[in-house]
Amino acid sequence: PGAARRAQALQRFRALVERHYRSHRPVGAYAAELGMTPTHLNRLCRAALGRSALGVIAERLVLEAERDLAYTTLGVKQVALGLGFSDAAYFTRFFARRTGRTPTQFR
């Protein structure tokens with residue numbers, strides 16, 4: 001029963017991330033909605049997914065950024081704004097830190 005409960009909590013977390021990743025909600029907001037502490041959510045994510053809850057959220061943002069860069073003609077600034085970043089330079093640093101390439105190099 002404990003494993004099933006953890007799996008269900010992770011499934012709900014991933015669904016919430018899918019719904020809200022563009023809004024850059026803090027981990028605490030997700031944890032509160034799931035009825036747990038951010039520390040507990042991070043433990044669950046690390047144990048099951050091998051990364052923190054923040055890492056899961058960032059991974060989802062990078063996936064969408066890669067899709068936008070690969071399959072649209074949107075500029076980097078438009079991609080950044082569409083993903084909820086208020087600053088294209090910050091988006092570029094975020095993307096480069098996660099992928100090892102700038103958005104322009106990725107494209």
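I take buried as under 20% relative accessible area, exposed as over 50%, and partly exposed as in between, using a 1.4 Å probe and protein chains only. His-24, at a relative accessible area of 31%, is therefore partly exposed.

**Ground rules**

I am working on a predicted model, where local features need pLDDT of at least 70, side-chain atom pairs count only at pLDDT 80 or more, and totals for chains, interfaces and linings use all residues. I number residues from 1 along each chain as its sequence is written, and side-chain values use heavy atoms, with hydrogens and water left out.

**Entry 1: overall layout**

I looked up the secondary structure. I took helices (H or I, at least four residues) and strands (E, at least two) as DSSP runs, numbered from the N terminus. The protein has seven helices and zero strands. From the N terminus the order reads α-α-α-α-α-α-α.

Next I checked the extents. The C-alpha trace spans about 45 × 20 × 20 Å along its principal axes. Of the 107 residues, 34% are buried.

Then I turned to contacts, meaning heavy atoms within 4.5 Å. I counted pairs at least 6 apart in sequence, and 52% of those contacts join residues at least 24 apart.

**Entry 2: surface and charge**

I computed accessible areas by the Shrake-Rupley method with a 1.4 Å probe; for residues, only the protein chains shown count as cover. The total is about 6300 Å², with 53% belonging to carbon and sulfur atoms.

For charge, I counted Lys and Arg as positive and Asp and Glu as negative, leaving out His and the chain ends. I placed each charge at NZ of Lys, CZ of Arg, CG of Asp or CD of Glu. There are 18 positive and 7 negative side chains, and the centres of the two sets lie 7 Å apart.

**Entry 3: the core**

In soluble globular proteins, nonpolar side chains tend to be buried together. I defined a nonpolar core as a set of buried Ala, Val, Leu, Ile, Met, Phe, Trp, Tyr and Cys residues joined through side-chain atoms within 4.5 Å.

Which residues have the most contacts inside the largest nonpolar core? They are Phe-13, Leu-41, Leu-83 and Phe-91, in a core of 29 residues. Two or more residues each come from helix 1 (2–20), helix 2 (27–34), helix 3 (38–49), helix 4 (53–71), helix 5 (76–82) and helix 6 (88–99). Helix 4 gives the largest share, eight residues.

I followed up on Phe-91. Not counting residues up to four places away in sequence, Phe-91 touches Ala-65, Val-76, Val-79, Ala-80, Leu-83, Phe-85 and Pro-103.

**Entry 4: helix 4**

I tested the length of helix 4. The expected span of a helix is 1.5 Å times one less than its number of residues. For the 19 residues of helix 4 that gives 27 Å, and the end C-alpha atoms are 27 Å apart, so the two agree.

I then listed its buried residues. Among them are the charged types Arg-60, Glu-64 and Asp-68. Cover for the buried residues of helix 4 includes helix 1, helix 2, helix 3, helix 5, helix 6 and helix 7 (103–106).

Ala-53 is buried at a relative accessible area of 0%. Beyond four places in sequence, Ala-53 contacts Phe-13, Val-27, Leu-41, Asn-42 and Cys-45. Its C-alpha is separated by 15 Å from that of Ser-23, 30 residues apart along the chain.

Leu-61 also sits in helix 4, and is buried at 5%. Outside four places in sequence, Leu-61 meets Tyr-21, His-24, Leu-83, Phe-85 and Phe-94. Leu-61 and Thr-102 are 41 residues apart in sequence and 14 Å apart, C-alpha to C-alpha.

Ala-9, in helix 1, counts as buried at 10% relative accessibility. Leaving out residues up to four places away, Ala-9 touches Leu-34, Met-36 and Leu-44. Ala-9 and Gly-35 are 26 residues apart in sequence and 9.5 Å apart, C-alpha to C-alpha.

Ala-31, in helix 2, is buried at 0%. With neighbours within four places set aside, Ala-31 contacts Met-36, Thr-37, Pro-38 and Leu-41. The C-alpha atoms of Ala-31 and Thr-72 are separated by 33 Å, at 41 residues apart along the chain.

**Entry 5: back to His-24**

Where is His-24 found? His-24 is in the loop between helix 1 and helix 2. Most residues other than glycine have a negative phi. His-24 has a positive phi of about 55 degrees, although it is not a glycine.
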